[in-house]
Amino acid sequence: MGLLSLMIGIPFVGAVLIGLSPNQARSLHRALGLIVSLICLGLSLVMVSQFNRNDFHFQLTEHIAWVPQLGISYFVGVDGISLWMVVLTALLSVIGCFFSVYDDGKRSKAFYALMLVLLGSMIGTFLSLDLILFYTFFELSLLPVAFMIWIWGNGDKRRAALRYFVYLFGGSILMLVGMVMIAYRLQASNGMLSFNLVQIQAAAANGSLWQGSGLILEPFLFWVFALAFLIKSPVFPFHTWMVDSYTQAPIGAVLLGVLVKTGTFGLVRFCLPLFPDVAAGASTLILTLAVIGILYGATLAAVQSDIKKVIAYSSVSHVGFIVLGIFSMNQNGLVGGILGGFYHGIASGMLILLVHLICVRMKSRSASSFGGLKAQMPVFASLFLVALVAAIGLPGTNGFISEFLSLIGAYEGGFSSHLASVAFATLATAGVILAVVYMLILFQKLFYGKTPNSSVRYLKDLKSWETIGLAVLAILIFWGGLAPSTFTEAIDKSADATRLMTINGPEMRPSWMDKSQSIGPDGGLYSQKEGATILISKAKYHGTATDDKVPYQLTTPAQITTQGGVR
Amino acid sequence: MFPTLPYVDGMALGPVGILAFFGVLTLILEMLSPKSKNNWIVGVTLLGIVSAGVLLIADFGGMPARSFGQMELHDQLGSASELILLLVALITTLVSEPYLREKKIAFGEFYPLMLWSTAGAMVMSTSSNLLMIFLGLEVLSISLYVLCGLNRREGKSEEAAVKYFLLGAFSSGFLLYGIALVYGATGQLELAAVPGAWSTGVEATKYLLLGGFALIAVGLCFKTALMPFHQWAPDVYEGAPTNVTAFMSAAAKIAAFAAFWRLITAFAPSANFWLVPLGAIAVITIIGGNVLALVQSDVKRILAYSSVAHAGYILVDLLAHAKNPSIGITSMEFYLLSYALMTVGAFAVLTLLAARGREVTKLSDLNGLWKRNPLAAVALVAFMMSLVGLPPFAGFFGKVLIFSDAVNAGLWPLAIVLGVGSVISAGYYLAIAKAAFVDEPSESPVQRPATFGPQAAFFICMVGVIAVSIFIGPIQSFFQR
């Protein structure tokens with residue numbers, strides 16, 4: 001059993017162990033949840049250390065046939081896009097178990113068992129390389145979150161749980177039909193029935209997958225996939241379930257199930273590489289939705305009186321930035337989008353956690369019941385400020401890096417016209433300004449002014465163990481802002497490969513199957529044949545701000561550059 | 001001159017014979033043993049089921065072979081259906097005794113009747129002779145009519161028995177009339193004769209065949225509870241004792257779908273004439289069954305409509321087979337296996353709700369089940385999620401296989417309808433799971449000590465719905481053996 005399978009399997013084993021433990025042993029349940037999460041975090045760091053940053057192919061892969069008759073297999077592997085998401089998932093699970101002490105009051109056994117099922121299914125989602133396996137984990141994660149909202153949530157939890165489940169299940173069931181249709185398309189074009197992502201992408205890369213499939217099939221399947229992921233992300237107008245979940249769900253479910261962006265991950269993993277002929281044309285519509293989401297989320301965040309809703313709508317806005325980066329489909333944008341998923345989990349995770357801590361202390365979520373907290377909770381205030389500036393995107397914090405890259409990406413433009421690119425970038429930048437507005441309003445309401453009622457005066461500052469947990473996240477915020485190369489270096493090659501898979505013509509797209517291919521430092525695609533390294537395609541930007549609106553393509557696909565290995 | 005005996009394949013008929021024999025044996029035991037204890041009868045019933053199962057597995061599949069003067073057909077479809085039927089009988093036997101005691105209807109006759117019913121279902125699924133199919137169906141049904149009315153003191157149970165009997169007899173009439181028409185067209189009772197008659201026959205023969213097909217299909221639609229022939233199902237499922245509901249919801253469907261499959265295979269050349277009406281039935285069943293389930297408040301009625309909807313899902317697979325005959329039985333059999341595990345499992349959990357001799361199956365009666373019987377609550381959640389079609393449970397792979405067949409046959413609109421139906425179904429399945437796993441008990445319900453049999457049944461079904469999806473590859477190869 002390999003490293004990746006261990007990371008997926010251990011949480012499920014842990015969940016069964018918790019299930020078999022005595023009912024009343026609350027601290028045992030919590031300890032088990034925490035230990036298993038820590039083991040996963042440790043294993044994910046081992047995975048990072050074994051990860052080869054110069055390779056865009058899937059690494060540490062494991063393959064076992066599952067349903068040979070249908071070409072379904074247990075196939076896992078990691079690349080630069082999933083690497084940090086796995087680390088983030090394990091980290092947020094540790095933090096989630098750590099801070100769930102305020103939520104797990106009744107039925108702690110079921111709580112931590114569900115947390116671990118959620119952890120295992122999230123890690124599985126990121127590591128799966130088989131469509132059906134991916135779908136299995138993707139859907140499995142719905143169950144724990146829905147039940148956690150239902151049992152431990154507050155407010156109108158029935159509506160929140162049903163909305164969560166029905167939105168996400170309804171969004172993705174069509175994707176399952178779509179996956180089956182892709183597998184049969186592969187059989188029709190290449191003669192093998194397979195749900196293996198690498199094989200399907202190889203067929204998409206040489207153009208055979210969609211050749212002769214008509215004008216309808218590829219766009220239909222693209223939108224079936226995109227819809228599932230846009231709902232899961234969520235992009236405006238599908239965000240209502242997330243706002244409900246943020247406010248009603250226990251903190252563990254928010255951190256692990258809602259913050260970790262499997263939706264935007266799915267967009268990068270499936271929608272871009274598998275539907276190269278459609279993704280470009282669809283980008284304008286999706287970018288428009290992203291920009292609307294940025295502005296809409298930021299505007300609504302500014303007028304909320306419920307502080308958890310402020311964070312929820314700011315999260316809608318952040319997801320807009322992530323999708324903006326991904327669908328601008330250039331080097332900066334894509335790295336910004338992929339990185340954004342990781343950074344958003346840390347910054348918004350810290351923010352919602354801090355807000356949750358005072359909400360459970362005061363048993364109120366209304367901003368008007370707080371005020372003047374700065375004097376009596378200095379540690380809390382300073383940590384809150386760190387998370388807040390990261391959410392705004394101040395230079396020096398991780399939020400700045402990802403949002404700035406996304407904005408540059410949007411400005412450099414995707415497949416939309418130059419005017420549209422400038423408009424997208426300008427409007428999105430207005431979202432950054434709005435973020436300052438709503439965040440500072442929130443900070444002012446909580447920490448300055450008069451204390452509205454006497455009970456606020458009894459609020460104590462953070463306990464030391466809480467400070468330690470939050471400090472980890474604060475360190476990561478600055479680490480990501482000051483030394484982003486730690487994280488971007490691992491992402492670069494995979495992001496470049498995904499970009500070239502989408503924007504290049506057939507035969508010039510990278511293929512995850514072809515081990516001789518590599519991405520050079522210039523972002524071009526090279527192939528190693530008989531000791532020589534051949535440049536296949538060198539598409540730095542497709543449509544820069546000034547000229548060349550069409551995908552850059554070499555007239556002669558093969559051109560010998562250097563002798564010997566990859567530079 | 002002595003007539004020569006036809007070829008007899010004892011191994012193939014063995015499981016049916018064993019069940020029938022053990023039925024008689026348990027009946028005798030019932031007469032001899034005291035009424036206060038049925039443990040012996042349960043033990044002997046289990047022994048019969050297990051030995052039939054062993055024989056069946058030993059002789060599973062192989063090349064299709066006929067015996068008993070062409071009356072009995074030994075093939076993968078029949079063997080797989082028989083195996084699933086035995087599984088259903090096994091689980092039902094495990095949960096029945098405590099429930100029957102609680103409801104004060106612990107008649108030992110339950111066990112022989114159930115065994116004979118299973119035997120009838122097995123005969124029905126292992127023949128392509130229309131008369132044998134009819135015989136099997138009647139043996140299955142007549143035992144079920146009696147079982148439905150087992151609780152003589154309860155009005156609902158009597159109503160269920162009478163309703164089921166009248167409508168069942170009515171649908172048998174359709175079936176017989178259809179058989180007569182097919183006999184008129186082909187001069188044989190054998191379904192295998194139909195394709196030849198269709199291709200060589202004159203126009204009048206074709207009309208006869210189509211008329212016969214339509215009537216037989218209506219009869220089978222009654223038995224499988226496809227809309228609009230489903231009206232009996234909710235009332236009968238609700239009124240019958242819960243363990244009988246568990247048995248009937250799966251057994252009747254498994255046998256009827258096996259016969260339906262053979263019917264569709266035989267009539268595949270004429271598919272153009274009936275694919276659209278049957279497709280419409282599938283769409284109505286999937287959407288209608290799920291929507292009607294949403295508005296019920298009695299758990300047994302919800303599950304009755306859910307089983308109507310699932311029959312629609314299976315019909316999609318049959319239609320894919322009709323359009324593309326190379327699509328084999330594995331998808332349908334896998335679906336029936338997962339359906340049997342999750343539906344019988346769910347009804348088995350509901351048997352826990354009987355209290356003080358009464359049937360209490362309102363949704364709110366499930367509240368706090370997690371406190372009273374954690375295993376049952378967790379198992380029920382697993383069954384519900386499997387019925388929704390959530391991975392990694394069996395129902396998910398059942399749906400993937402049906403999607404796959406539908407897309408393969410070019411029937412992807414039906415696959416999309418199936419997907420929409422699953423989304424609707426999430427509403428009521430989640431409500432059941434929530435009642436059992438989330439809600440606090442409203443009042444102090446009757447606390448019954450957990451007994452071994454039902455707990456074992458829940459465990460088998462719960463592990464089953466996860467295990468069959470992990471081992472789906474080997475299971476598929478086994479069905480094709």
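What should the 25 residues of helix H12 (residues 299-323) of chain B span at 1.5 Å a residue, and how far apart are its end C-alpha atoms? Because the expected span is 1.5 Å times one less than the number of residues, H12(B) should span 36 Å, and its end C-alpha atoms are 36 Å apart, which agrees.

This is a predicted model, in which local features need pLDDT of at least 70 and side-chain atom pairs count only at pLDDT 80 or more, while totals for chains, interfaces and linings use all residues. Residues are numbered from 1 along each chain as its sequence is written, chains are lettered from A in the order in which they are written, and side-chain values use heavy atoms, with hydrogens and water left out.

**Helix H12 of chain B**
- Of the 25 residues of H12(B), 24 are buried (under 20% relative accessible area, 1.4 Å probe, protein chains only), so this helix is largely enclosed by the rest of the structure.
- At the N-terminal end, B:Asp298 caps H12(B), with a side-chain oxygen 2.8 Å from the backbone nitrogen of B:Lys300.

**Where chains A and B meet**
- In contact (heavy atoms within 4.5 Å) are 31 residues of chain A and 37 residues of chain B.
- Chain A and chain B bury about 3100 Å² between them, 83% of it on carbon and sulfur atoms; this buried area is the accessible area (1.4 Å probe) lost on putting the two together, summed over both.
- Between chain A and chain B there are zero salt bridges, a salt bridge being a side-chain nitrogen of Lys or Arg within 4 Å of a carboxyl oxygen of Asp or Glu.

Methods: Helices (H or I, at least four residues) and strands (E, at least two) are DSSP runs, numbered from the N terminus. Buried means under 20% relative accessible area, exposed over 50%, partly exposed in between (1.4 Å probe, protein chains only). A polar contact is a pair of N or O atoms within 3.5 Å; within protein, one must be able to donate a hydrogen and the other to accept it, and residues adjacent in sequence count only if both atoms are side-chain atoms.
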